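Please have the sequence and the model at hand while reading.

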Amino acid sequence: MQGTVDGFSYGLVTPVAAYVMACLGGALGLRCTARSLMNAHAWKTGWLALGATAIGSGIWTMHFIAMMGFAVKETPVGYDVTLTYASLGVAVVMVGIGVFIVGHQRVTPMALVTGGTITGLGIATMHYLGMAGMRLRGQLQYDTFTVALSVVIAVVAATVALWAAVSIRGFWPTLGASLVMGVAVSGMHYTGMAALSVHLHGAGTAAGGGTSTSALMPMLIGPAVFLFLAGVVVLFDPLLVRGRSDRQRHGGPSVPRPAPRTSRRR
């Protein structure tokens, strides 16, 4: 028996909230990566790690906020805590590999493609590992073509995001890039969800289902708090706010200012 799947139980609330979290994680990750490239010696690894964790946490939080609106009409939905958090770890680690490839190596097309592919596969792995942690009275089935399409979207989105991280400077361009990244990541998620069907075990009841908000909400608190704290760090970093290099900040050589002109009265 096929289950009746509803991915929008709360209407537009969960897609919009999920998109906002994807944009937040992307914006923080792009800013942290840009910060790491401003100076080759000052906390480069730390900024890259913070950026990777922000992107991974933002994508993971986006996924499970969207899943709060997911329901199967005939059966309740729960989640395995271990697999759910494992999907977070996979997202952070594989995004980190991609970010470090671009951040520590010379930025070349090969580095961008390699880093983007690893990062995109990490995003896709996070999505489907998180889905594997779903517990319901049935079996999840996927359409192969749509799954492949979702992986391609993830890889392309990740590659473009890494390119933006090393190429785009300034607050407003970064904001625009993060909005585009949010669209791509959300598109990957809902493409993957479009591939899903549920085959129920035994006869179901029309009133047996419901959303998984109560199961997911406690698990989302930690990553959401981390994103808030990361935002505070990025917001108050003087180099990102002022846009000055370390050489300028520490009194290095700079272009001398011309002496002010004085007017002479006749």
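A residue is called buried when its relative accessible area is under 20%, exposed when that area is over 50%, and partly exposed in between, with a 1.4 Å probe and protein chains only. The model is a predicted one, in which local features need pLDDT of at least 70 and side-chain atom pairs count only at pLDDT 80 or more, while totals for chains, interfaces and linings use all residues. Residues are numbered from 1 along each chain as its sequence is written, and side-chain values use heavy atoms, with hydrogens and water left out.

By that burial criterion, C32 is buried, since its relative accessibility is 0%, and C23 is buried as well, at 8%. No disulfide (a pair of cysteine sulfur atoms within 2.5 Å) turns up when the whole structure is searched.

The chain has 266 residues, of which 45% count as buried. Its secondary structure consists of nine helices and six strands, taken as DSSP runs numbered from the N terminus (helices H or I with at least four residues, strands E with at least two). Where contact means heavy atoms within 4.5 Å, 88% of the contacts between residues at least 6 apart in sequence join residues at least 24 apart.

Two helix pairs are compared below, with axes fitted as lines to C-alpha atoms over the stretch in contact and angles running from 0 to 180 degrees between N-to-C directions.

| Helix pair | Angle between axes | Axis distance |
|---|---|---|
| α1 (residues 13-36) and α2 (residues 44-67) | roughly 170° | within 8 Å |
| α3 (residues 81-104) and α7 (residues 213-235) | about 25° | 11 Å |

Angles under 35 degrees count as roughly parallel, over 145 as roughly antiparallel, 65 to 115 as roughly perpendicular and the rest as oblique. Helices α1 and α2 are therefore roughly antiparallel, whereas α3 and α7 are roughly parallel. In the latter pair, V81, T84, Y85 and L88 of α3 meet P218, M219 and P223 of α7. By class, this α3 and α7 contact has six nonpolar residues, one polar and no charged, where Ala, Val, Leu, Ile, Met, Phe, Trp, Tyr, Cys and Pro count as nonpolar, Asp, Glu, Lys and Arg as charged, and the others, Gly among them, as polar.

Y190 lies in helix α6 (residues 171-194) and is partly exposed, at 22% relative accessibility. Leaving aside residues up to four places away in sequence, Y190 touches F8, T14, P15 and A66. Y190 and P15 are separated by 175 residues in sequence, yet their C-alpha atoms are 9.3 Å apart in space.
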